[in-house]
Amino acid sequence: MISNFIKTIMEEDLNSGKHKEIITRFPPEPNAYLHIGHARAIVTNFELAKCFNGKTILRFDDTNPAKEEKRFMDAIKNDLAWLGYTPYKVTFGSDYFDDDYVFAQNLIKEGKAYVDDLSKDEMKEYRGTLDTPGKESPYRNRSIEENLRLFEEMKEGKYDEGEKTLRVKIDMKSSNLNMRDPAIYRIIKKPHPHTGDKWNIYPLYDYAHPLQDAEEYITHSLCSLEYVEHRPLYDWVIENTKPMSIPRQIEFGRLNIEGTILSKRYLKELVETKLVTDYDDPRMPTLVGLKRRGFTPESIKEFVLSTGLSRINSEIPLNVLDHFLMEDLKLKNVRRMAVLNPLKVTITNYDDGKIEYFDFPNNLENEELGSRKISFSKHLYIEKEDFTEIKPNNKYKRLSLGAEVRLMGAYFIKANEVIKDENGEVIEVLCTYDKETLSGSGFNARKPQGTIQYVDASTAKPAEFRLFDNLIRSDATPDMELKDKFNKDSLLVVNGYVEQEYDPTPEAKSQLIRNGYYSNDYDSTNDKIIINRTVSLKQSFK
RNA sequence: AGGACCGUAGCCAAGUGGUUAAGGCAAUGGACUUUGACUCCAUCAUCGAAGGUUCGAAUCCUUCCGGCCCUGCCA
């Protein structure tokens with residue numbers, strides 16, 4: 001399902017003949033890594049265009065030199081590719097600087113723009129405030145010839161940064177501050193990554209963006225809610241410059257994930273202060289972070305699509321993201337058994353040194369994934385959480401003294417006795433198994449209390465689990481130090497065991513174990529398996 | 001405070017004057033089971049509030065309440 005209200009507009013525009021084709025664009029400023037919030041814009045733009053067999057352009061919004069970096073552009077391209085989207089073409093805002101300039105000259109010629117000498121502070125003063133009207137600049141009524149000459153000189157580099165701006169003549173009394181003679185050109189004397197030192201003046205977003213859209217024949221220019229108040233200016237620019245096409249700006253709400261930081265500034269700070277390793281740290285909400293965390297592009301796409309879109313900034317719980325990952329993984333991933341906090345189990349009536357191998361499906365719901373051998377012997381590990389001496393209630397579905405439980409893919413075992421350390425902590429459970437109950441044998445004379453996972457101590461491999469319960473949290477007051485906002489508990493390292501045949505190939509990708517997701521940071525150098533568990537386990541038993 | 005946008009369940013979100021207000025997530029109860037997973041079944045809102053218009057309103061109007069955004073030569 002895709003955003004209804006925008007889709008409806010597009011349909012109408014197609015039906016009425018206003019447009020023959022839908023063209024959208026994703027216009028990031030290449031000054032940061034893309035995060036899950038951007039995914040909404042990307043998916044929406046691409047999917048919407050796809051609905052109508054249209055096109056989507058990737059346009060790097062580079063009207064402000066020295067703000068963008070090449071690494072970010074590369075990262076953005078990679079993220080897009082990872083999500084599975086291929087732009088119709090890749091452009092730059094700076095591709096249109098020449099035209100922007102001519103359009104501006106025309107505005108001057110029509111008496112709609114003027115060069116202003118007001119300083120930044122003066123301009124601010126003249127602008128007025130939210131409830132007091134602004135007043136007109138004393139330079140507002142310069143002659144067209146003078147304005148033309150001055151503008152030319154600005155371009156030539158005759159003036160310093162901040163000395164002059166080109167403003168558009170609208171209405172200093174407007175209740176919309178964006179309409180109080182906004183500046184459309186400012187002087188910046190820095191080389192531009194694409195145009196070099198050709199320009200000393202650069203257009204501002206509010207002027208450049210509608211023109212870029214028009215030049216690319218964008219039909220629907222989607223952006224977030226904070227641009228609503230810029231729309232009158234967007235339309236003003238289109239109306240008064242009369243470019244080649246008439247794009248329409250449509251706003252939608254931003255997507256936030258409950259309790260996570262999605263602000264460029266903070267993400268940058270997290271990296272710079274080394275609170276995380278880099279933008280692709282699995283705790284980061286960046287697309288590269290999520291990727292490393294084990295998320296699939298499909299899951300993110302589905303998440304965005306099913307989560308919908310409206311004119312509300314939505315705050316969506318993290319578990320919704322998890323849900324879509326689960327949906328995507330559950331059929332296509334091999335599931336392995338693992339224990340995070342091992343508890344020794346000894347099968348007292350099983351022969352010493354004997355090892356049995358059972359065939360176990362890699363994914364109970366998908367036979368195509370085949371099966372593997374799992375081993376069983378006298379000494380096993382189970383999850384500490386899966387045992388308790390006295391079961392708390394009838395709903396308890398794990399192992400407890402005197403009760404029987406199925407070891408997944410193997411036998412029923414019955415817990416008879418515990419061994420405790422000097423602190424009274426259970427360190428081992430002595431069990432007996434019932435040979436008749438082998439999984440797949442058709443045994444159904446008794447029902448076990450539940451089914452739990454295990455690994456065979458004689459063949460299991462040690463593994464390091466990094467547990468990430470959360471993305472970076474942001475439940476703090478604005479003046480709080482960043483390091484205090486950081487959820488330190490979001491990273492835990494646990495040593496446990498995984499099945500022997502666990503295959504740490506890149507293809508293995510995410511693993512679904514114990515209802516969590518595991519991504520894939522493998523340390524193959526010392527035969528150690530490192531698994532990032534990316535989602536908190538379902539809260540155990542009640 | 002001037003202006004803009006918005007308010008449908010715990011979280012998203014369809015619906016834009018006419019049957020018992022879609023759907024997803026979460027939750028709860030149950031069935032099944034080689035994971036308390038998965039699957040399946042069931043339960044779960046009178047639409048921010050109050051008035052008004054109308055034969056009829058979540059849908060139109062008014063007022064109020066609440067949220068969010070706007071005073072860059074950022075995007």
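1. Which residue in β3 is the bridge partner of isoleucine 57? In β3, isoleucine 57 has lysine 89 as its bridge partner. Strand β2 covers residues 55–60 and pairs with β3 in the parallel sense, over four bridges. Pairing here requires at least two DSSP bridges between two strands. Strands (E, at least two residues) and helices (H or I, at least four) are DSSP runs, numbered from the N terminus.

2. The model is predicted: local features need pLDDT of at least 70, side-chain atom pairs count only at pLDDT 80 or more, and totals for chains, interfaces and linings use all residues. Residues are numbered from 1 along each chain as its sequence is written, while chains are lettered from A and ligands numbered from 1 in the order in which they are written.

3. On the sheet. It is open, with three strands in the order β1-β2-β3 and parallel pairing. Its edge strands are β1 (23–26) and β3 (89–92), each pairing on one side only. On average, neighbouring strands are turned by 35° against each other, direction ignored. Helix α2 (residues 36–51) lies across β1 and β2 and runs at about 165° to β1. Axes are lines fitted to C-alpha atoms, for helices over the stretch in contact; angles run from 0 to 180 degrees between N-to-C directions.

4. On α2 and α11. Helix α11 spans residues 297–307; its axis and that of α2 come within 9 Å and cross at roughly 80°. The two helices are therefore roughly perpendicular to each other (the class for 65 to 115 degrees; under 35 is roughly parallel, over 145 roughly antiparallel, the rest oblique). From α2, Ala39, Arg40, Val43 and Glu47 make the contact; from α11, Ile300, Lys301, Val304 and Leu305 do. Contact means C-beta atoms, placed from the backbone, within 7 Å. By class, five of these residues are nonpolar, none polar and three charged. Ala, Val, Leu, Ile, Met, Phe, Trp, Tyr, Cys and Pro count as nonpolar, Asp, Glu, Lys and Arg as charged, and the others, Gly among them, as polar.

5. On α4 and α7. Helix α4 (residues 97–109) packs on helix α7 (residues 205–215) at about 115°, with the axes 10 Å apart. Asp99, Asp100 and Phe103 of α4 meet Ala208, Leu211 and Glu215 of α7. This contact has three nonpolar, no polar and three charged residues.

6. On domains. Chain A is assigned domain 1 (4–95 + 206–254), domain 2 (98–203), domain 3 (264–332), domain 4 (342–456) and domain 5 (461–533). The bounds come from an automatic or database domain assignment. Over C-alpha atoms, the centres of domain 1 and domain 4 are 56 Å apart.

Key:
Contact = placed C-beta atoms within 7 Å.
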